[in-house]
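Subject: Structure for your files

Hello,

Here is the structure you will be working with. Please open it beside this message; my notes come after it.

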Amino acid sequence: MAAGQLIDEDPEQALAHALAARRQASRIAAVREAVGLAAYRAGEWQTAIAELRTYHRMSGRRTHLAVLADCERALGRPARAIDLYRSVKPGELPPAEAIELLIVAAGARADLGQREAAIAMLQVAELDRTEPWVARLRYAYADALLGAGRKAEAREWFARAAEADEDLQTDAAERLLELDGVVLDLAEPADAKPAEADSEAAEGGSDAAAGEPEPAGGEREPADQEPADQEPADQAPAAGTDEEVEVAAGEAGELPTGELPTGEAEAATGVAPAPSEPTKAEPLVTPYDLVILDLDGVVYIGEEPVPGAAAAIGRLRQEGRRVVFATNNASRAATEVAALLTRLGIEATADEVVTSAAIAADTLADRLPPGSPVLVVGADALAGEVRRAGLTVVASADDRPAAVVQGYAPHVGWRQLAEACLAIRAGAQWIVTNTDATLPSPRGDLPGNGSLVAALRTALGRDPDLVVGKPQPAFFAGAAAKAGASRPLVVGDRLDTDIEGAVRAGMDSLLVLTGVSSEAEARAATAESRPTYVGADLAALFEPAAALAS
């Protein structure tokens, strides 16, 4: 009770009370929840994450996900915040809570430098609703527009936010005045007591939006904020409330479904602006500081190199360009992939390899307590990644796994799928590394992991809980973050995974014609999977951009 009473006025003292309660009653879920929320308000991000996850495990409820996502942002891990947003299912949240999670996720996009992608995320039907939370959504949208330099549009939405903000949740009215060049004189009277002035400054300077009772990560300056005095819009739910922050449902088609918006608006987004002159004669690769290369069908097919791939990658190295190898194939560990590339004459290290198996294991580690049993349907490489993440690998539904993780392996058959089916029916989470329907081989396209997933989907009558590989944008954001890049180029051979994922991540892309998709398919593709460029093979990286624009 003391923690709840103090959390708004003195978060550090509230945390001290909550920790004292934990020492006396650490097995009570509500106590761990109180510690997590107090830690969040006090800026103790790691403690907040640990305590709220413990609360999830003890209570069986996934609440305060917006708070967790905001903590990840505060720790400089915006990609994880986006993963949390994407990890929840449609229909699990009331509208207000879904909007809070959406706002945080959009802020994470802006942290990654993807300002237009953040705007696209917030362009939802709920902007025209009349509920009290719409003021915060409009404020966040206006703030995102302003961050992208779209001042006129931002002014319109700050005005609409102020109009809806009857409870003074935001400082939209003040922001509107600032945009109009009106400076309010908020100086204290000359005879004001210093203590009073300090107190008022502390009260007014910490909230994300004027009148808000919670910091929601807003006491820090997020990466997408320019002016030092500009308040961030991506606030998480008020600390101390008992909110179910798992993705929203609402009316059909209205609320976020865990997926980034697609279509023309998102197709225009980017980590950095696309080349302003696509007809330039300079090599296509010139403006980019990282090349993210798919493997199967781009660099090799099976264990045979694609002609010219080694020479092209060698040239990238010689020119000092960074390269990351990103594959949906979960059947090889990063060390094995690097060894294979080296055998093919391509310089590579495990640190330069991103696999869907590693991302799946890290995702499971975020969702489950350490040591949790996980049924692995896939290769030894996937099982190894699960062990690396601190989880226990099991092979039977009788072991009562907390999750099933499914990836491609040539030995996967009916027995493994049957065990997975039983485990998922018993309540295990179902995580999938990728849904590629086919896998290229020297003999032609073969069934891929998506085909095996389809068998389980048919048996269970439902979709997986989460797909972590391409075309999920977090896969590409993680690859870019791994290299510290601000303007990556994605190179792939499939429209439905490589290119669609690049579009959804706001990155430019090159489709090479050495694998699955054809040039005719690329020309006919919709905005959701249309590449920026089309080339015969990796040598296209060094050809004039004008000749390759799709």
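The notes below cover a sheet, a pair of helices and a pocket.

Please keep in mind that this is a predicted model.

Sheet. Five parallel strands make up an open sheet, ordered β7-β6-β8-β9-β12. Its edges are β7 (392-394) and β12 (466-467), each of which pairs on one side only. Strand β6 (residues 373-377) is joined to β7 by three bridges in the parallel sense, and V374 sits opposite V393 of β7. Helix α18 (residues 414-425) lies across β6, β8 (403-406) and β9 (429-432), and runs at about 145° to β6.

Helix pair. Helix α6 (residues 78-87) and helix α7 (residues 95-111) have axes that come within 8 Å and cross at roughly 150°. The crossing of α6 past α7 is left-handed. On the α6 side the contact is made by P78, A81, I82 and Y85, and on the α7 side by L101, L102, A105, A108, R109 and D111. Eight of these contact residues are nonpolar and two are charged, with no polar ones.

The largest pocket holds about 680 Å³ of space. It is lined by 32 residues, of which R80, A358, I359, D362 and G478 are the closest to its centre. By class, the lining has 15 nonpolar, 12 charged and five polar residues.

Regards

How values were computed
Residues are numbered from 1 along each chain as its sequence is written. This is a predicted model: local features need pLDDT of at least 70, side-chain atom pairs count only at pLDDT 80 or more; totals for chains, interfaces and linings use all residues. Side-chain values use heavy atoms; hydrogens and water are left out. Axes are lines fitted to C-alpha atoms, for helices over the stretch in contact, and angles run from 0 to 180 degrees between N-to-C directions. Helices (H or I, at least four residues) and strands (E, at least two) are DSSP runs, numbered from the N terminus. A crossing is left-handed if the near helix is turned anticlockwise from the far one by less than a right angle, and right-handed if clockwise. Contact means heavy atoms within 4.5 Å. Ala, Val, Leu, Ile, Met, Phe, Trp, Tyr, Cys and Pro count as nonpolar, Asp, Glu, Lys and Arg as charged, and the others, Gly among them, as polar. On a 1 Å grid over the protein atoms alone, a cavity is a set of points where a 1.4 Å probe fits but cannot get out, and a pocket is an open set with protein on both sides within 12 Å along at least five of seven lines; lining residues have an atom within 4 Å of a point. Grid points are joined across faces, edges and corners, and a volume is the space filled by probe spheres set on the points. Two strands pair if DSSP finds at least two bridges between them.
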